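New notebook page. I'm looking up a few helices here and jotting down what turns up.

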Amino acid sequence: RLSEDSRSQLLTLIEPHEAADLLEELPDEQSADLIEDLPADQAAAIVEELDSDHRADVLGEMTEKDAEAILDEMAPEEAAEARRLLEYEPDTAGGLMITEFLVYNENLRVTDVFEDLRTNANKYADFAVQYAYVENDSKRLVGVLRLHDLVLSAGDKLLKDVMIVNPISVLVDTPLDELEQHFDRFQFAGLPVVEHDGRLVGIVQRVDIEEAVSERAEEVFMRFSGIFGRDELRHLPLMQRSMGRVWWLALNLVLSFVSGSIIVLFESTVQQLVALAAIMTVQSNVCGISGNQAVAVSIRELTLGLIHPRDLLRVVWKEAAVGLVNGLCIGLMLGAIVYIWQQDLTFAIVVALALNLNMVIAVMLGGCIPLIARRMGFDPAATSPMVTTVMDMCGFFLILGLASLVLWYRSAHGAG
């Protein structure tokens, strides 16, 4: 809630490690905005105190120019490591791993490890030390060393005789979905990350995977709601926040206008059956919800890797069955309400049939549009508002079209 100048002043008044602790509690976007406002040398001092994974995340949220200015002021070794982490995709093992870990050669003895721990106690104080890792002379990961086994082993034993051989590891390009599955399957606090040649380069922690999964769910929710681009925070500039919303609103304005034009085409039908105005609203809402339910299921299954774009026909078939059952149930309920209200059996049947057909179409489109979007390279989470608008168009056309046919039939045959 401080002003921009006060926030910058606060970060320069406290120690760099305290500023780093503060930034690690904030969203990466906000941390990046705060850091960018500082002189490069002061920003570099704070960034160096961040954990390696947070450091890469914060730098990745900055413009390339600002990030490079800070990296140039950092210690060469720290800067080189940060640049290496920035090369990995954010939602992969390489992008999520930390580089603070203990690794020893397999030919060292237990006493050598204890000596190293005592000598570098201050350096290792901030490490999340639960395991030590063992590599061979070629820097390839060959084992994991539990501290329990280390403490209870004789001092002259070689690490290769104490370690657990062939440990479970993940490649640097392992995506978040697979990492989540690994941690669901194994109750590890962390997993070693290796390059394709077997070199150990980092550790991916359970807590970081859980955080990444949560952030992805929040991002999907934001896109589901029509918020795109960078995560919106209310401290951001007005125009930046506004532009993140307005283009999607404009697109939906166009789609809604197309949907509304269908009503204009059947203006005479609506004038003769005024009750249609209320019924269309109900049908639009129910079928929109039904379509979005199908969207949510498809996005979830895409995220878990349970379906792929090639499964389009299977998804359409499964959703059509659900839509038929639900449409029949809800259609009969709405038809009964309309009959009690209007005392017109034919009109009630038209409403029930239109809703049934609309719901089948809604769930079929809702289920398959995310798959089509994924195949075309678009974000499946962005399809929900589009599905809702398409449902409105289909629903209006169905109910107004069927009602028009009934009115024409009655007029042609003189029916009441």
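Which backbone nitrogen does a side-chain oxygen of D344 reach at the start of helix 19? I found that of T346, within 3.2 Å. (A polar contact is a pair of N or O atoms within 3.5 Å.)

Housekeeping: this is a predicted model, where local features need pLDDT of at least 70 and side-chain atom pairs count only at pLDDT 80 or more. Residues are numbered from 1 along each chain, and side-chain values use heavy atoms, leaving out hydrogens and water.

Next I checked the length of helix 19, residues 345–375 (helices are DSSP runs of H or I, at least four residues). Its 31 residues should span 45 Å at 1.5 Å a residue, and the end C-alpha atoms are 45 Å apart, so the two agree. (The expected span is 1.5 Å times one less than the number of residues.)

I also noted a kink of about 25° at C368, shortly before P370; the bend is the angle between axes fitted to the seven residues ending there and the seven starting there. Just after helix 19, G377 has a positive phi of about 90°.

Last entry: helix 6 (residues 64–73) and helix 7 (residues 76–86) pack at about 150°, axes 9 Å apart. (Axes are lines fitted to C-alpha atoms over the stretch in contact, with angles from 0 to 180 degrees between N-to-C directions.)

How values were computed:
Helix = DSSP H or I, 4+ residues; strand = E, 2+ residues; numbered from the N terminus. Polar contact = N/O pair within 3.5 Å; in protein donor to acceptor, adjacent residues only side chain to side chain.
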